Amino acid sequence: MKFLASRLTIGNMAIGAMVIILALLPVAGVPREWLPYVFLFLLYLAMANMWNLLAGYSGLISLCAPAFLGIAGYALAIGTWVSIPWWLGIIGGAILAGIFAILISLPIFRLSGVYFAIGTLVVPEALRIVFLLWRPVGGELHGGGAGYMIKGLVDVQMSTIYWLALGTAIASAVIMRIVLKSKLGLGLAAIRDNERAAANSGVNTLRIKVYSFLISAVITGLAGAVFYVYQGYLEPVSTFNVKWTMTILLATVIGGLRTEGGPIIGTIIIVFLYFLLARYAGYSLLIQGVIVIIIMLLSPQGIVGIMRNTRLYQSLSQLANRQLMAFKTE
Amino acid sequence: MEVLAGLPTPLVMGILLGGLYALLALGLSVVFGVMKLVNIAHGDLVILGSYIAFACMTYLGMDPIISLVIGIPALFGIGLFIQQFLMGRAFSLSAEAPLIIAFGIALVIQNTNQIIWTPLSRGLTTPYSLSSFHLGPYQFPVSYLLAFIAAVVVMLALREFLRRTYLGKAINAASEDRVAAQLMGINTKMIYGFAFAIAMISAGIAGVFLGMTFPFTPTSGMQFLIIAFGVVIIGGLGSMLGTFLGGLIFGLVQTLAGFFFGPAIQMLSIYVIVLVILAVRPKGLFGR
C-alpha cells in the first residue's frame, strides 16, 4: 500500500484517469465519428513517443519511421494472403520491423548528425520503389502500385482495433519510462550531452544507440500494423511517405522535444488541427510548418517548455503536490 | 553487340543530366560548405523556382529562361530572409534546431505550392525544350543540353565570383574560419545571409532547367534533395570540380541503370548508390 501511495502523484492520477476514460470511449456511446480521431491520436502518440526517444533523448534525428510502419504493414498484408491470422501478422510485422532496423543499422550507424538524418531519409524512398515493383503474392492484378487488401478482417470490430491502438500507445509510454529510468536511459543522456566523453567513460555508445533504434522500430512497426488493420488496405506511395515522418516530427517538436509530456500535447494539437482542417489538407500541414518554426525559435522545448516557464504552472503544481503530501501523511 | 550499339545514347544523356544534377547540388554545397548546414528544404526551394517560372510562363507569357529576371531576385530575397530571421537564430539554439526548422520551411513551401498550383504534375514546356538535336546517328533532347550549358556557366560564374570579388573572398574566409574572419573585420552574419541567398539563386536557376527537363509536382522536392545530397557527398565540400564530377556520376548511374535494367530502376539505383556511399565513405569520395 505504501508502495502505491508513494507513486500517487497528481500527474500519475491524471494519467490513470485518462487511460480509463480512453479505454471506455468505444462502449460509452461517444459519437461514432470521433473514434477514428482518437484512434489516430493514440497511434501518432506511440510513434511520436518513439521519435522522441530517438531525437530527443538519443540525439538521433531519424527520418525513417515510414520504413518501419510500412514493413510491418506489408508483413501483415502479405501474411493474410497466405492465411496467417491478422493478430499474428501484427506481432510478426513488429518483429520484422525490428529485424529490418538491425539490418539497416549496420550502414546507418556509421553516420552521425545530419548524415544520419539523410541516410535514414533515403531508406523509405528506396523501399517505396521496391514495393512498387515487387509482387510477392496475388498475381499481376495485386501488389505493386495497386497495393494489397488485408484479408480476414470481416469480423474484426472497430472497438477491438481501437483497444489495440490504446495498448500500443500505453506500451510506448511505459517503455519510454522504463528506458529513461534504466541504465540505457542514463547512457543515452550521456551520449546526448557529449558522445566522446561518454565513450571514453566506458559507455558502449554504438550498442546503446542501436538498442533505442531497435525499440523505436518495433513500436513504430506495431503502430503501423494496427493502423493498416484499421485501414484494411495499403499501397506503397502513401505507406512509404514522408508525411508520416512530418506528422511524428511535428507532434514531438510542437509538444516539446526531450520531455515526456511533449508528444502527448503535440499529438493532441496535430490531431485537432487535422480534425478542424480535414477539408483543406494542404492548409493543415502549412499551419503546422509555421507553428513548428515559431516554436523552435521561441521555445526549443515546445509547449511543455513554455508551460514550465510560466509562474502559474509552477505554483499550481507545487500547491497540488503539497496538498497531496499533507493528505498522505494524515 | 546490339546492346553496345545503343550505349552512346545513355552515356551522352547521363553526362548532360549530370550537369543538371551538379547545378541542383551547387546551392546545397555552398550552404553546406559555408554554414555546415544541410538545408533539408533545398529540394523544395528548387521546386519553388520551377513554380515561379511556371507562373511567369502561364500568367505573363514569359519564356522560362527569361523569367529568371523575376525568379532570381525573388529567391535571393527569400534566401536572405530565411538566413537572417530563421536559420541565423537557430544555430545558437541546439544542434538539431536548424535541421527541424529547415524541415518546417520545406513543409511550408511544399504546401504553399500545393495550395496555389494544386498537386497536378506540371512542366515548363517551350517549343525548343521539346525539340531534339542530332549527334551522329543519335538524337538528344535540347532541354538536356541547355541544362548542361547552364550548369557550366553558373559554376564558372560562381567560381570567379568566389575568387575575385570582395564578397566572394569574404564568404570563403568565413567558411574556413569564422572567428578569424570576424577578427579581420568581416561581418559574418551578413556574409552568411549572402551565401544563403546566392545558394538560393543557383537553386532558382536549377529549378527552371529542371522544370524544362522533368515534370514536377509540389512533392518532387524530396527526390531532388536526395539526388543533390548524394552529389554533394560524392563531390566533397566546397569543391566545384567535385560537385561537377558527383553530378556526372549520378547522371550516368541513372541513365545506365535505366538502359540496362529498365526505367523503373532509375531512381532506386540512385538511392542505393547514396546509401552505399554513405556506408562506405561517410564523408564522401573526395571529402576532406
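A: Two residues touch, or are in contact, if their C-beta atoms, placed from the backbone, lie within 7 Å. The structure above is a predicted model, in which local features need pLDDT of at least 70, side-chain atom pairs count only at pLDDT 80 or more, and totals for chains, interfaces and linings use all residues. Residues are numbered from 1 along each chain as its sequence is written, while chains are lettered from A and ligands numbered from 1 in the order in which they are written.

Q: Which residues does B:N39 touch, not counting residues up to four places away in sequence?

A: With that exclusion, B:N39 touches B:L28, B:V31 and B:A102. B:N39 itself belongs to the loop between α2 (8-35) and α3 (42-60) of chain B; helices (H or I, at least four residues) and strands (E, at least two) are DSSP runs, numbered from the N terminus.

Q: Is B:N39 buried or exposed?

A: A residue is buried if 20 or more other C-beta atoms, placed from the backbone, lie within 10 Å of its own, exposed if 12 or fewer, and partly exposed in between. B:N39 is buried because 31 other C-beta atoms lie within 10 Å. Its C-alpha atom is separated by 29 Å from that of B:G258, 219 residues apart along the chain.

Q: How many helices and strands are there in chain B?

A: Chain B has 13 helices and two strands. Its radius of gyration, taken over C-alpha atoms, can be set against the globule rule, 2.2 Å times the number of residues to the power 0.38. The radius for chain B is 19 Å, close to the 19 Å that the rule gives for 288 residues, so chain B is as compact as a globular protein of that length. The C-alpha trace of chain B spans about 65 × 45 × 35 Å along its principal axes. Of its 288 residues, 52% count as buried. Among contacts in chain B with a separation of 6 or more, 75% come from residues 24 or more positions apart.

Q: How many bridges join strand β1 of chain B to strand β2 of chain B?

A: Two strands pair if DSSP finds at least two bridges between them. Here four bridges join β1 (residues 132-135) to β2 (residues 138-141) of chain B, and the two strands run antiparallel. B:F133 stands opposite B:F140 in β2(B), and the bridge partner of B:S132 is B:P141. The two strands form a hairpin with two residues between them, and B:G136 in the turn has a positive phi of about 65°.

Q: Where does A:S83, with its phi near 50°, stand as a residue other than glycine?

A: Most residues other than glycine have a negative phi. A:S83 has a positive value, near 50°, and lies in the loop between α4 (65-81) and α5 (86-108) of chain A. A:S83 is exposed, with 8 other C-beta atoms within 10 Å. A:R258 also has a positive phi, near 65°, and is found in the loop between α12 and α13 (262-276) of chain A. A:R258 counts as buried because it has 21 C-beta neighbours inside 10 Å.

Q: What span should helix α7 of chain A have?

A: The expected span of a helix is 1.5 Å times one less than its number of residues. The 24 residues of α7 (residues 158-181) of chain A should span 34 Å, and the end C-alpha atoms are 35 Å apart, which agrees. Buried residues in α7(A) include A:I161, A:L164, A:A165, A:T168 and A:S172. An α-helix has 3.6 residues a turn, so residues three or four places apart point the same way. The buried residues of α7(A) are covered by elements that include α2 (10-24), α3 (35-57) and α10 (205-231) of chain A.

Q: How many residues of chain A are in contact with chain B?

A: In this model, 33 residues of chain A are in contact with 33 residues of chain B. On the side of chain A that touches chain B, α6 (113-133), α12 (242-255) and α14 (281-298) of chain A each supply at least two residues. The most come from α6(A), with 12 residues. By class, this side has 27 nonpolar, four polar and two charged residues; Ala, Val, Leu, Ile, Met, Phe, Trp, Tyr, Cys and Pro count as nonpolar, Asp, Glu, Lys and Arg as charged, and the others, Gly among them, as polar. A:Y115 lies in helix α6 of chain A and touches B:L278 and B:P282, not counting residues up to four places away in sequence. A:Y115 is partly exposed, with 18 other C-beta atoms within 10 Å.
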